[in-house]
Amino acid sequence: MFKNILSFIVINLGVFCVAANVHFFLSPNSLATGGVSGLSIVLNDVFPDMSLGLVMLILNVICFLLGFIFIGFKFGSKTIYTSFAVSFMVWALEKFAPMSQPLSDDILIQLIIGQAIAAAGIAMVFHQGASTGGTDIIAMILNKYLSIDMGKAVLFSDIAIAASSIFVFGPQIGLYAFFGVILNGIVIDYALQQFDDNKEIVIISRESEMVREFIVHELGKGATIHSAKGAFNYDSKEVITTILKRKDFIRLKRYISEVDHTAFVTVHTMNEIIGQNFKRLA
């Protein structure tokens, strides 16, 4: 129960960060940096009588209807919730914290700060096994029927939305929107790496049994051991491979330096790990 409550809080905090970026940074500067929010900003200029939150809500409904028709009921309840929660939070911010003008005259700094805040929020949502939906659903449809890679499909849709802003808001704002699309992908990837700080550690040590004991009994983690031979003199070695969080790796590194200062250790940052004790495959 506590885990579910914590997950719900984290998702809503992430959703608020995304909504804050749309309301305080993107919308006042007419920056359509992709996604449902970007398309909503463009359409909100065409239909100014409708609130931005309402436009986002309508677009999300359309996206989910298309998703249900073309790819079936493959959306988790968390994704459905977060998609509509962003729309409602943007609507609430419009009501209780209206913006009559941008926060400053410097569009670039607002774009950078806003995208950083949104990226942190999206990373929180992703880390809880959900997404903000929207154009992700269109990407899933393109992936199914046209065999377009999901990442490319999302990028294409975001670029198309940014391009549309050129015709509505002019080339300067459109170019800022293009930059925002690129910045968004970079910052989200970085933010996700901070959440998933798992590292693959490969160890070759003369004291491999002591290292194995420490990993299994002191850290409570698993490891894989396989035999290898050195290239120079063909001497037999044991290679230990394990995956640890940053704090456990620091403990392991300290222990290895105490028992075998000649050990050979390589460390790799992992972008995603699927399997036992980690993320589920499906």
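This report describes the domains, helices, surface patch and salt bridges of a predicted model.

Residues are numbered from 1 along each chain as its sequence is written, and side-chain values use heavy atoms, with hydrogens and water left out. Because the model is predicted, local features need pLDDT of at least 70 and side-chain atom pairs count only at pLDDT 80 or more, while totals for chains, interfaces and linings use all residues.

**Domains and annotated spans**

The chain is divided into domain 1 (1–195) and domain 2 (198–269), with bounds that come from an automatic or database domain assignment. The C-alpha centres of domain 1 and domain 2 lie 42 Å apart. An unreviewed UniProt entry places the feature "transmembrane region" at residues 5–26, 52–73, 107–126 and 173–192; such positions are given in the numbering used here, feature names are shortened, and annotations may be inferred rather than shown by experiment. In the model, residues 5–26 are 100% helix and 0% strand, with end C-alpha atoms 30 Å apart, and residues 107–126 are likewise 100% helix and 0% strand, with end C-alpha atoms 28 Å apart. Helices (H or I, at least four residues) and strands (E, at least two) are DSSP runs, numbered from the N terminus.

Helix α6 (residues 135–146) has 12 residues and reaches 16 Å from its first C-alpha to its last, close to the 16 Å expected at 1.5 Å a residue, where the expected span is 1.5 Å times one less than the number of residues. Just after α6, S147 takes a positive phi of about 60°.

Y145 belongs to a nonpolar patch on the surface that also holds L54, I58, I62, L66, I69, F70 and L146, with about 740 Å² of accessible area together. Both α3 (52–70) and α6 supply at least two residues of this patch, and α3 gives the most, with 6 residues. Patches are made of residues with over 30% relative accessible area and no salt bridge, like charges being joined within 9 Å and nonpolar side chains (Val, Leu, Ile, Met, Phe, Trp, Tyr) within 5 Å; the areas come from the Shrake-Rupley method with a 1.4 Å probe, and for residues only the protein chains shown count as cover.

**Salt bridges**

The structure holds 4 salt bridges, each a side-chain nitrogen of Lys or Arg within 4 Å of a carboxyl oxygen of Asp or Glu.

D260 is buried at 3% relative accessible area, whereas R206 is exposed at 66%.

R212 and E209 are 3 residues apart in helix α9, and are therefore separated by about one helical turn; R212 is partly exposed at 23%, and E209 is partly exposed at 44%. Salt bridges that share partners join E209, R212 and E213 into one network.

Technical notes: Buried means under 20% relative accessible area, exposed over 50%, partly exposed in between (1.4 Å probe, protein chains only).
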